[in-house]
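Thanks for coming, everyone. I'll keep this short. Have a look at the screen.

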Amino acid sequence: MTPTKLVLLDCDSTLSAIEGIDELGRLRGAETYSAVEAMTREAMEGGTSMESVFARRLDLIRPTSEELASIGSLYIAHVEPTAKASIAQLQGEGWTVAIVSGGFTQAIRPLADYLGVTTVEAVVLKFDERGCYAGFEEDCPTARTRGKNRVAQRLTGTLAATKTVMVGDGASDLEVKGDVDYVIGFGRYAVREKVKAGADAFIMSLSELPAILRLL
Ligand SMILES: [Mg+2]
């Protein structure tokens with residue numbers, strides 16, 4: 001296998017301005033939205049574990065397959081303005097780009113296609129024949145604490161990556177430190193002090209990535 005360099009990109013509040021789960025919560029009204037948003041924020045800041053909020057948020061919302069598809073359109077409508085060009089540039093410079101997210105695969109796939117990214121490691125939701133919510137694939141690593149670490153280790157191994165970099169805004173992105181060579185914090189949509197302090201670098205636009213990665 002030809003050795004490659006690997007860059008793992010978070011989705012929510014990194015590749016796109018929105019948090020998909022919060023937008024799904026919004027569809028259920030103000031009360032559900034604020035309950036979901038509070039749980040997301042706590043998990044993102046490292047206050048609670050992902051396991052404790054993951055099923056709870058989904059059980060509160062019970063999104064339909066159609067609603068999940070609408071989040072896919074929202075991701076694209078709110079895409080980070082420099083993402084597409086930056087990813088194309090990185091790919092041209094020999095980086096393999098993958099999206100690693102605790103969000104939902106069926107909503108992220110359209111954004112990944114738009115950005116020209118093949119690999120999406122996220123959580124697959126299940127639906128019945130009428131498109132009603134029927135749980136999620138519990139073996140998806142990113143539904144759990146340190147799930148991004150497991151994905152980073154696996155992809156680094158299968159791609160024989162000589163260098164692996166994680167880019168994202170949240171606690172679960174910072175946590176990958178130790179299992180990748182570099183963690184780059186992202187602050188265009190949310191500046192989390194813990195991430196800013198702990199990351200190897202901190203950027204405000206994805207257009208800064210190619211130059212930073214050239215220095216690694
Ligand atoms: Mg994020």
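This is a predicted model: local features need pLDDT of at least 70, side-chain atom pairs count only at pLDDT 80 or more; totals for chains, interfaces and linings use all residues.

Where does A160 lie? It sits in the loop between α7, residues 147-158, and β6, residues 161-168.

Most residues other than glycine have a negative phi. Is A160 buried or exposed? Count the C-beta atoms around A160: there are 11 others within 10 Å. The cut-off for exposed is 12 or fewer. Therefore A160 is exposed, with its 11.

There is another residue to look at, R62. Phi of R62 is near 45°. Again the value is positive, and again the residue is something other than glycine. Find R62 in the loop between α3, residues 50-61, and α4, residues 65-77.

How many strands form it, and in what order? There are 6 strands, and the sheet is open. Read across it: β3-β2-β1-β6-β7-β8. The pairing is parallel. At the edges you find β3, residues 119-123, and β8, residues 201-203. Each of those pairs on one side only. From one strand to the next, the twist averages 20°. In general, strands of a sheet pair through backbone hydrogen bonds.

Let's zoom in on one pair. Strand β1 covers residues 4-9, and β2 covers residues 95-104. These two run parallel, joined by 5 bridges. Which residue in β2 is the bridge partner of K5? That partner is W95.

Last, the whole protein. The secondary structure comes to 10 helices and 8 strands. Along its principal axes, the C-alpha trace spans about 45 × 35 × 30 Å.

What share of the 216 residues is buried? Buried residues make up 41%. And the contacts? Take those between residues at least 6 apart in sequence. Of these, 59% join residues at least 24 apart.

That's my tour. Thank you.

Conventions:
Residues are numbered from 1 along each chain as its sequence is written. Two strands pair if DSSP finds at least two bridges between them. Helices (H or I, at least four residues) and strands (E, at least two) are DSSP runs, numbered from the N terminus. Axes are lines fitted to C-alpha atoms, for helices over the stretch in contact, and angles run from 0 to 180 degrees between N-to-C directions. A residue is buried if 20 or more other C-beta atoms lie within 10 Å of its own, exposed if 12 or fewer, and partly exposed in between; C-beta atoms are placed from the backbone. Two residues are in contact if their C-beta atoms, placed from the backbone, lie within 7 Å.
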